[in-house]
Amino acid sequence: SFPCIMHGAIFHRVFFQATEHVSTLVLLVALPLLLLRFFSARGSLYWARLGPGVRRTTERLLLGLGVFCAVAALEHRVVFRSYTHLLAVFPPFSYFVVSACAYALAGYVWLLFSLRPSLSSSPFIQGLMYSLSCIACVAQKLLKVYSTI
């Protein structure tokens, strides 16, 4: 996309010297994927002439890839750069705990927006959503335990 090309053209000399540029590029790739998925329900993929099954798979892939890239880039740009002093867990463990919370929330949102209402009531999906909530709760408890050490 054009913003990615412009970012690469502007920062091509110092692109690999600072990791912020790589995470910005990942974010610039992820946001159009999420927008394409959002507008695909309104017919933005009409030009691809996909069947209903292939279109649904493409929408899920766009949403999953976009959310994964956006969470990774936002973790790197915002949480790990600006808020590491607020995390009470030591650095190798804090990355795992914050990533587990962020990806559990992203997985929950992905399941919430990618499933049809009839599938969201199935026991497997409810168990998966419950396990994602448990991962976030355990990570939060780990933050509290390690903050007292």
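**Notebook: salt bridges and helix packing**

I began with Arg-56, which forms a salt bridge with Glu-59; their closest N and O atoms are 3.8 Å apart. I note that the model is a predicted one. I looked up where the two residues sit: Arg-56 and Glu-59 both belong to helix H3 and are three residues apart, about one turn of the helix.

I then turned to the other partner of Glu-59. The side chain of Arg-55 meets that of Glu-59 in a salt bridge, at 3.0 Å from N to O. Arg-55 and Glu-59 are also both in helix H3, here four residues apart, again about one turn of the helix. I recorded that shared partners join Arg-55, Arg-56 and Glu-59 into one network of salt bridges. The count of salt bridges comes to two.

Next I checked accessibility. Is Glu-59 buried or exposed? I found a relative accessible area of 3%, so Glu-59 is buried. Arg-55 has a relative accessible area of 33% and is partly exposed. Arg-56, at 21%, is likewise partly exposed, because buried means under 20%.

Finally, I examined how helix H3 packs against helix H2. Helix H2 covers residues 19-40 and helix H3 residues 52-82. I noted an angle of about 145 degrees between the two helices, with their axes 7 Å apart. H2 passes H3 in a left-handed crossing.

Technical notes:
Residues are numbered from 1 along each chain as its sequence is written. This is a predicted model: local features need pLDDT of at least 70, side-chain atom pairs count only at pLDDT 80 or more; totals for chains, interfaces and linings use all residues. Side-chain values use heavy atoms; hydrogens and water are left out. Axes are lines fitted to C-alpha atoms, for helices over the stretch in contact, and angles run from 0 to 180 degrees between N-to-C directions. A crossing is left-handed if the near helix is turned anticlockwise from the far one by less than a right angle, and right-handed if clockwise. A salt bridge is a side-chain nitrogen of Lys or Arg within 4 Å of a carboxyl oxygen of Asp or Glu. Buried means under 20% relative accessible area, exposed over 50%, partly exposed in between (1.4 Å probe, protein chains only).
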